[in-house]
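Notebook open, structure on screen.

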Amino acid sequence: MDILGAVGNTSLVRLRKVVPPLGADIFVKLEWENPTGSVKDRMARAVIERAEQDGRLEPGDTVVEYTGGSTGTSLAWVCAAKGYRLRIVTSDAFSVEKRDQMAALGAELTLVPSEGGLTTKKLILDMIEKARQFSQEPHTYWTDQLNNHDSIAGYTALGEEIWSQTKGELDAFVYCVGTAACLRGVATVLKRYKPGIKIVAVEPAESSVLRGGQAGPHKIEGVGIGYIPPLWDATLVDEILPVKTEDAKEMTRRLAREEALFAGTSSGANVVAALQVAERLGPGAKVVTLMADSGLKYLSTDVYRRR
């Protein structure tokens with residue numbers, strides 16, 4: 001099998017320790033089992049292969065993207081496998097492990113400075129503008145993750161896997177919103193099978209723009225861009241739950257210590273929100289969320305670094 005065929009078919013496991021005694025069962029899908037340790041491998045393969053198929057990306061071209069790290073790492077992996085040059089626009093707001101992993105896979109990094117290491121709307125827009133400048137160069141394909149509908153297709157298989165692994169017995173899917181492509185891809189599949197399923201979007205409480213609030217700085221990497229992402233489809237979403245950065249971090253630590261699940265900060269946010277949904281649904285119901293990426297990408301951050 002080609003390395004690019006190693007994406008998907010990740011495990012689904014039930015939480016046992018952090019869940020309340022009278023709530024619904026919560027299952028988490030271990031997306032760190034993908035080759036680079038992230039759910040983003042799914043979309044990276046899709047956006048590159050679809051661009052190849054219709055001629056937007058040709059042999060010898062350069063790929064460009066702005067990213068907090070996981071998308072960039074996944075793109076670097078696909079580009080390394082296929083032989084494309086990759087230029088990544090990222091920032092010191094994101095963990096050094098992510099930047100090192102991108103570079104190790106051959107990506108050329110351009111860093112945009114942040115405000116005190118925080119994710120802000122200005123930072124995202126500055127990164128996008130730098131990528132836009134790079135994209136003007138000849139023989140360059142800009143994957144433009146926030147606007148690229150190909151990325152949604154990368155997550156339909158994830159929805160199919162969830163439906164198959166639960167045998168269709170699930171009542172809610174809960175997930176943090178970054179580009180919104182993953183939530184949209186999975187929700188489209190699950191709603192087709194079971195129109196009454198509850199789809200719950202999660203965002204940083206400090207930047208709760210999906211709920212109509214003000215944008216603000218936060219430290220849940222990879223989500224909460226500070227404005228409504230272009231791929232957001234409100235018709236697929238039944239509820240939006242805000243989660244505070246500190247609550248997400250604390251749950252991330254608890255998952256490692258109590259569940260032996262070593263994940264990133266957005267995964268902690270997913271579980272905080274999933275617990276709220278599980279308490280409301282009660283015994284007998286099933287809630288699914290994702291461990292979006294591995295804790296190995298966050299060892300230098302204050303999520304895990306010994307204080």
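Here are my entries, in the order I looked things up.

**Entry: what I am looking at.** This is a predicted model. I kept that in mind for everything below.

Entry: The largest cavity holds about 440 Å³ of space. Its lining runs to 35 residues, and those closest to the centre are Lys40, Gln145, Gly178, Gly222 and Val223. I then checked which elements give two or more residues to this lining, and they are helix 2, helix 4 (121–135), strand 7 (172–176) and helix 7 (181–193). Helix 7 has the largest share, with three residues. By class, I noted 18 nonpolar, 13 polar and four charged residues around the largest cavity.

The second largest cavity has a volume of about 60 Å³. Val177, Gly178, Glu203, Ser207, Val209, Leu210, Gly224, Ile225, Gly226, Tyr227 and Pro229 make up its lining. I sorted them into six nonpolar, four polar and one charged. Gly178 turns up here, and I had already written Gly178 down for the largest cavity.

**Entry: the largest pocket.** Next I looked at the open side of things. The largest pocket comes to about 160 Å³. Around it I find Val7, Gly8, Arg42, Arg45, Ala46, Glu49, Arg50, Gln53, Ala153, Gly154, Ala157 and Glu161. Which class of residue does the lining hold: nonpolar, polar or charged? It has some of each: four nonpolar, three polar and five charged. Helix 1 (40–53) and helix 6 (156–165) both put at least two residues into this lining. Helix 1 gives the most, with six.

**Entry: helix 1.** Since helix 1 kept coming up, I followed it along. Helix 1 has 14 residues, and from its first C-alpha to its last it reaches 20 Å, close to the 20 Å expected at 1.5 Å a residue. I listed its buried residues as Lys40, Asp41, Arg42, Met43, Ala44, Ala46, Val47, Ile48 and Ala51. What do they pack against? I see strand 2 (25–30), strand 3 (62–66), helix 2, strand 6 (140–142), helix 5 (150–153) and helix 6. Arg42 and Ala46 are on the buried list, and both also line the largest pocket. Just past the helix, glycine 55 has a positive phi of about 85 degrees.

**Entry: serine 70.** I picked a residue in helix 2 (residues 70–82), namely serine 70. Buried or exposed? Serine 70 has 8% relative accessibility, so I put it down as buried. Its side chain makes a polar contact of 3.3 Å with the side chain of aspartate 293. Ignoring neighbours within four places in sequence, I find serine 70 in contact with Ser38, Lys40, Lys98, Asp293 and Lys297.

**Entry: helix 9.** Helix 9 (residues 265–281) has 17 residues and should span 24 Å at 1.5 Å a residue; the end C-alpha atoms sit 25 Å apart, which agrees. Why do I call helix 9 largely enclosed by the rest of the structure? Because 13 of its 17 residues are buried.

Away from its neighbours within four places in sequence, leucine 275 is in contact with Val18, Val19, Pro20, Ile26 and Met251. I also checked leucine 170, which lies 105 residues from leucine 275 along the chain; their C-alpha atoms are separated by 15 Å.

**Entry: positive phi without glycine.** Asparagine 9 is one, with a positive phi of about 55 degrees. Asparagine 9 lies in the segment before strand 1 (12–14), and at 66% relative accessibility it counts as exposed. Aspartate 144 also has a positive phi, about 45 degrees. Aspartate 144 lies in the loop between strand 6 and helix 5. With a relative accessible area of 16%, aspartate 144 is buried.

Methods
Residues are numbered from 1 along each chain as its sequence is written. This is a predicted model: local features need pLDDT of at least 70, side-chain atom pairs count only at pLDDT 80 or more; totals for chains, interfaces and linings use all residues. Side-chain values use heavy atoms; hydrogens and water are left out. On a 1 Å grid over the protein atoms alone, a cavity is a set of points where a 1.4 Å probe fits but cannot get out, and a pocket is an open set with protein on both sides within 12 Å along at least five of seven lines; lining residues have an atom within 4 Å of a point. Grid points are joined across faces, edges and corners, and a volume is the space filled by probe spheres set on the points. Helices (H or I, at least four residues) and strands (E, at least two) are DSSP runs, numbered from the N terminus. Ala, Val, Leu, Ile, Met, Phe, Trp, Tyr, Cys and Pro count as nonpolar, Asp, Glu, Lys and Arg as charged, and the others, Gly among them, as polar. The expected span of a helix is 1.5 Å times one less than its number of residues. Buried means under 20% relative accessible area, exposed over 50%, partly exposed in between (1.4 Å probe, protein chains only). A polar contact is a pair of N or O atoms within 3.5 Å; within protein, one must be able to donate a hydrogen and the other to accept it, and residues adjacent in sequence count only if both atoms are side-chain atoms. Contact means heavy atoms within 4.5 Å.
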